[in-house]
Amino acid sequence: LEQGHPGQYENISVVENLSTPNLGTLKTASCLERGTGVTDIYNGLLVVLDLFKKASLDRHIPEKHCVLVSNLACQSEPIDEVTLSHITENLQSIRLDVVCPDMELEEQNGQQIVTKAIRMANEGPITDMLTKLGLPGPQHAHSAAELLSLIRWKEVKPSATFDGLLTVGSKLAIPVKMFKKIGKESAPSLKSYTLDQGALTEVHYQRSYVTMKQKAATGKEGEDATGTQADVGAESDAEEVEDEDKIKAYKYGRSVIPVDVGKEDSLKFSVQDRALQLLGFSPRSKVPRYAFNKESIVVIANKDDPAAGAAVSALVRSMASKGQVAVVRMVRTNNGKPELMAFLPRLASHQEHTPDCWIANGLPFEQEVRWSSFPDLVSKAEHEPSQEQRDAAHSLVRSMDLSDVP
């Protein structure tokens, strides 16, 4: 900004650092005061280009998007062809949207006619620039609802979490793809900042490990304590441990068993090659919903293989007619951990535009199932309910059933 000509960039302020828009961006925009006089639209675009250029030096920005919001109702500074060509050339890698809210245009004493003439003069160069960039022209909103409709969500093409073969026995392999159906969305994590001269600066952490020899009250040295803090009143000598001197260990009882990198890899329960193998089928009643322990995944046939769709459809419809669930062994990546999955059949739906497919959910291994045992409710004979009390309890439970089944 400081390299402009005298009087240039005087009415332009950068009120927020370049980042992804969020609720804070809307709050900042709502607090901006409307200016008067000649507008600096093109100088503002030059500032935006400079911000993108500086931000690209520090990190890679996969997608650059700029939104110009203006009613174009004020006279703008004239722009020469060289500057306009420079702006157009540098906007080739940036998506530019121009939004013109028309809700607050004055309509008294012929002011509307003057405003329309000014807007047409301002829209001309902007429309030409957008045409050269292959972008749509300025979008007008005559009400708050129309303005909200201009802000659309972005459709993202889903990426397959698994693309491979579903093996059925030793003679059949079906090309399939797996996409995440339900994903857990977590809230953004809080970060630590420090207030430095009125500005918030992010705090960066650095972890170090030390070996501390503490001295007890008697003056004798105690045992080494690695990675622990000494008491406030104790004398201690701390020595930092280098990365090459650290080793992982398992705690077994009161003993600590060190494990080097080679042994750690051998103890991992992993499979060399990724795989998707059908183990067998089970009645749907034998696979309760509470056993599902993973996110839901949709499994469809690979569209590049015409025979895959017929094979998946045949299996899905056969499983649905017999009320069966497929039990599948899955290894997502090479050297990954094997998982047990339940494939639930889902028939094609014309309303949802979905083909015959499976909905996959994770299943626990036998060692992961917790069978809780409880003591007998009747520990003493005097606490045993009578037959009349049992019938009253059964009647109470049946009265709470909301189904029509007697």
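This is a predicted model: local features need pLDDT of at least 70, side-chain atom pairs count only at pLDDT 80 or more; totals for chains, interfaces and linings use all residues.
Residues are numbered from 1 along each chain as its sequence is written, and side-chain values use heavy atoms, without hydrogens and water. Local features require pLDDT of at least 70 and side-chain atom pairs pLDDT 80 or more, whereas totals for chains, interfaces and linings use all residues.

Helix α2 (residues 41-58) packs against helix α3 (residues 81-90) at an angle of about 40°, the axes lying 11 Å apart. Helices are DSSP runs of H or I with at least four residues, and strands are runs of E with at least two. Axes are lines fitted to C-alpha atoms, for helices over the stretch in contact, with angles from 0 to 180 degrees between N-to-C directions. The two helices, α2 and α3, are therefore oblique to each other (under 35 degrees is roughly parallel, over 145 roughly antiparallel, 65 to 115 roughly perpendicular, and the rest oblique).

Seven salt bridges are counted, each defined by a side-chain nitrogen of Lys or Arg within 4 Å of a carboxyl oxygen of Asp or Glu. Among them, R317 pairs with D356 at 2.9 Å between the closest N and O atoms. This pair links distant parts of the chain, with R317 in helix α7 (residues 306-322) and D356 in the loop between β16 (338-346) and β17 (357-363), 39 residues apart. R317 is partly exposed at 43% relative accessibility, whereas D356 is buried at 11%; buried means under 20% relative accessible area, exposed over 50%, and partly exposed in between, with a 1.4 Å probe and protein chains only.
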